[in-house]
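Subject: Structure for you to look at

Hi,

Here is the structure I promised to pass on.

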Amino acid sequence: MTYEFLVMALLFLVPGAVFWLVRADLRGLMRRTVLASLPFAATEWLFYPEYWTPRFLFNLADRIGFGVEDVLFVAGLGAFSSCAYAVAFRRTVVPRGQGTRPWERAVGGIAAMLALTGLLLAVGVPILYAAVAAMGVCTLVVLVGRPDLVLPSLLGAGVSCVIYLGLCLLFARLVPGVFERTWRPSLLLPGRFLGVPWDELLYGAGAGLVATAFPAWAFRFAFAPLPGRESTSRNPRAPHGPPAAPPGPPPR
């Protein structure tokens, strides 16, 4: 029997690795994003087995509530979703004023997102929709104070969704029938797009939305046109932008 989630998690590391190689200016953002995303691996117990039933290495999900696959997945998703907009539209990050206690702002935002997810779960909203709704609400709050991030966030959501779809299509080719066997039937979005559950695409778009807006708010940076090739992959000494990191995706 195939370890489906392990295959998927390894695939999700690929876009971020490519971004790391070609965009030196975004490496600081990606490094901090991956680090900030790792705690969310421990939330797998909210998804398994209610949302899906993959096989885990060493049966860790049954023993401790999450597995090695979760660590790889949240790292990969956080890496590419935070940079999807900047890479696709040739943008880099630039400081926007002086930040005070940026990590405290980030932790506060993460806590608010988790609290909202928990509240929605408590009133009976299924976990995936609760997570996506928390992403959307927290992003909306950020955008009220940072209207300059509205377009980047929407475009980031779209690009992340496209990347997510491509990875899922490749996943389905490598493990035929995986979505039919492993995913539970959707409650709100029945059916599939090119064989991929709509729920997964919704989640991918939500991750791109929040990962584009949240770090810019928490760490006070903005997106600016990329100045030239010499400041990216061809110049390893190019500045990596301000210390910035999104909280990583909400519970997966």
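Predicted model: local features only at pLDDT ≥ 70, side-chain atom pairs only at ≥ 80, totals over all residues.

Below is what I found in it, going from the overall fold to individual residues.

**Overall fold**

The protein has nine helices and four strands. Starting at the N terminus, the order of elements is α-α-α-α-β-α-α-α-α-β-β-α-β. Of its 252 residues, 52% are buried. If you take the contacts between residues at least 6 apart in sequence, 82% of them join residues at least 24 apart. The protein exposes about 11300 Å², and 68% of that comes from carbon and sulfur atoms.

**A strand pair**

Strand E1 (residues 91-95) and strand E4 run antiparallel, joined by five bridges. How enclosed is E4 (residues 221-225)? Four of its five residues are buried, so the rest of the structure largely encloses this strand.

**Ala 84 and its neighbours**

Ala 84 sits in helix H4 (residues 68-88). With a relative accessibility of 1%, Ala 84 counts as buried. Leaving aside residues up to four places away in sequence, Ala 84 touches Phe 19, Gly 156, Val 159, Ser 160 and Ile 163. It's also worth looking at Leu 155: this residue is 71 residues from Ala 84 along the chain, yet their C-alpha atoms are separated by 8.7 Å.

**Salt bridges**

There are three salt bridges in the structure. As a reminder, side chains of opposite charge can pair when their charged atoms come close. Here are the pairs:

- Arg 23 with Asp 25: the closest N and O atoms are 2.7 Å apart, and both residues are buried.
- Arg 101 with Glu 104: the N to O distance is 3.5 Å, and both residues are exposed.
- Arg 146 with Asp 148: the N to O distance is 2.8 Å. Arg 146 counts as buried because its relative accessibility is 5%, while Asp 148 counts as partly exposed because its value is 35%.

**Cysteines**

How many disulfides does the structure hold? The count is zero. A disulfide, after all, is a covalent bond between the sulfur atoms of two cysteines. If you want to look at individual cysteines, Cys 83 counts as buried at 0% relative accessibility. Cys 138 is buried too, with a relative accessible area of 15%.

Which residues make the nonpolar surface patch of about 670 Å²? They are Leu 187, Leu 188, Leu 189, Phe 193, Leu 194, Trp 198 and Leu 202. Trp 198 belongs to helix H9 (residues 198-218). At 37% relative accessibility, this tryptophan counts as partly exposed.

If you open the model yourself, I'd go to Ala 84 in helix H4 and then to Trp 198 in helix H9. Happy to go through any of this with you.

Cheers

How values were computed: Residues numbered from 1 in each chain as written. Heavy atoms only, no water. Patch = residues over 30% accessible without salt bridge, like charges linked within 9 Å, V, L, I, M, F, W, Y side chains within 5 Å. Areas by Shrake-Rupley, 256 points an atom, 1.4 Å probe, with all protein chains shown as cover. Salt bridge = Lys/Arg side-chain N within 4 Å of Asp/Glu carboxyl O. Helix = DSSP H or I, 4+ residues; strand = E, 2+ residues; numbered from the N terminus. Buried < 20%, exposed > 50% of the residue type's maximum accessible area, 1.4 Å probe, protein only. Disulfide = S-S within 2.5 Å. Contact = heavy atoms within 4.5 Å. Pairing = 2+ DSSP bridges.
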